[in-house]
Amino acid sequence: MPRRRNKKNGKIDILIPTLDEKKIRPKLMKVLRHASWVNDVIIETSKPLSRARVNGIKKCKTEWIAMFDDDVEIPENWFEKLWILALQKGVVAVSSPYLTINYDYVIMDFISRRFRSLDKRFTPTIGNVLFKRSAMIGYNPPPLFFCEDELFYRYIVKRGKWVHSKFIGAKHFYKEKDSLLSGVAQRILKFEPFYKMLMRVTTRFFTAVLASFYTHSLKTIYHFWRINVRILTGWIMGKRRALKKES
C-alpha cells in the first residue's frame, strides 16, 4: 500500500522561506498555483533562515512537505519525478539538482560530477526538496543564515535516506553571497577539521583553472579563487568567535 501524502486530500503543503514575498520567482508560484498536488502554500518571512525553516515546518500539516528557496524555478512535472523516489523504502528526503544561472557554476558543477557523482557527495541541496515532516522532529538549529543548509542536511540524513534525482529542469537564480561569512560559520560550527577544509579549498583552486578552459575566460579563475580566499580568511577569523562561544 503506497504511503499517503495527506490522509485528507492526497496533497502536500509547500514551504517557501523568504525575507520578502515579492522576491519569489513568478514562475515558481505559477507552477504551484496550477499544481493538483499542492495543499497549502506557507510563505515564511521570519529570520534568520535557519529559524524560518523551523517556523514554516511547524505550520505545515501534511506528512510530506515540499520546500523551495525563493530564487528557484521548477518544471511542472517536478513532483511526479520526485514522488516516485520518495516511495522507496527508508527515504525521508528527495531533492533535484538544479541549473545555476551562472556559466561559471554550470561548468564547475559539470567538472565536479565527473570526479564524483552527487550521490557520493555529502551535499546539501535543499533549494528544492521533498521531505518527511516527521524526520525534522526535534530540529532546533542556532539562528543562522550561512551554512544553515548544511545543518538541515546533516540532521535529516541521520534519520533516513536523502535521494538525489536526475536533473529534471529545476533552475537556481543564485545571487553571490560573501564567502567570508561562510568561512566564519564553518569554523564556529566545526563542520570538519582544518585539514579537510583545506583539502577541499585546494581542490577548488585547481578545478577553477580547469573550468577556465571551458569558459575561455580568466575571470573564472579569479571568481573561484576569490571565493576560496574569502572562505579561508573567514575560517581564520572565525577562531576568535569560536573561542568566545566556548568561553
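Analyst: Start with one term. Buried means under 20% relative accessible area, exposed means over 50%, and partly exposed lies in between (1.4 Å probe, protein chains only). This is a predicted model: local features need pLDDT of at least 70, side-chain atom pairs count only at pLDDT 80 or more, and totals for chains, interfaces and linings use all residues. Residues are numbered from 1 along each chain as its sequence is written, and side-chain values use heavy atoms, with hydrogens and water left out.

User: Why is W162 called buried?

Analyst: Its relative accessible area is 9%. The limit is under 20%, so W162 counts as buried. F152 has 0% and is therefore buried too.

User: What makes F152 and W162 an edge-to-face pair?

Analyst: Rings of Phe, Tyr and Trp (its six-membered ring) pair if their centres lie within 6.5 Å; planes under 30 degrees apart count as stacked, over 60 as edge-to-face and the rest as tilted. By this rule the protein has 13 aromatic pairs. For F152 and W162, the centres are 6.4 Å apart and the planes stand at 85°, so the pair is edge-to-face. F152 belongs to helix α5 (residues 148-157) and W162 to strand β8 (residues 161-164), ten residues apart. Helices (H or I, at least four residues) and strands (E, at least two) are DSSP runs, numbered from the N terminus.

User: What makes F205 and W225 edge-to-face?

Analyst: Their ring centres are 5.6 Å apart and their planes are at 70°, so the edge-to-face label applies. F205 is in helix α7 (residues 194-215), and W225 is in helix α8 (residues 218-246).

User: Are F205 and W225 buried or partly exposed?

Analyst: F205 has 22% relative accessibility, so it counts as partly exposed. W225, at 37%, is partly exposed as well.

User: Which residues do ring pairs link into a cluster?

Analyst: The cluster holds W37, W64, F68, W78, F79 and W83.

User: How do you know that the charged end of R159 sits over the ring of Y155?

Analyst: The rule asks for NZ of Lys or CZ of Arg within 6 Å of the ring centre and within 35 degrees of the ring normal. The charged end of R159 is 3.6 Å from the centre of the Y155 ring. R25 lies over the face of F173, also at 3.6 Å from the ring centre.

User: How do you know that the buried residues of α1 are on the same side?

Analyst: The buried residues of helix α1 (residues 26-33) are L28, M29, V31 and L32. They cover an arc of only 160° around the axis, so they share one side of α1. The arc is that of the directions from the helix axis to the C-beta atoms. P26, K30 and R33 are exposed on the other side.

User: What covers the buried residues of α1?

Analyst: The cover includes β1 (12-17), β2 (38-44), β3 (64-68) and β4 (72-73).

User: Why is helix α6 called largely enclosed?

Analyst: Nine of the eleven residues of α6 (residues 179-189) are buried, so the rest of the structure largely encloses this helix. Among them are L180, V184 and R187. K190 follows α6 and has a positive phi, near 55°.

User: Why is D69 called buried, and what is D69 in contact with?

Analyst: D69 has a relative accessible area of 17%, so it is buried. It sits in the loop between β3 and β4. Contact means heavy atoms within 4.5 Å. Leaving aside neighbours within four places in sequence, D69 is in contact with L28, R53, I126 and G127.
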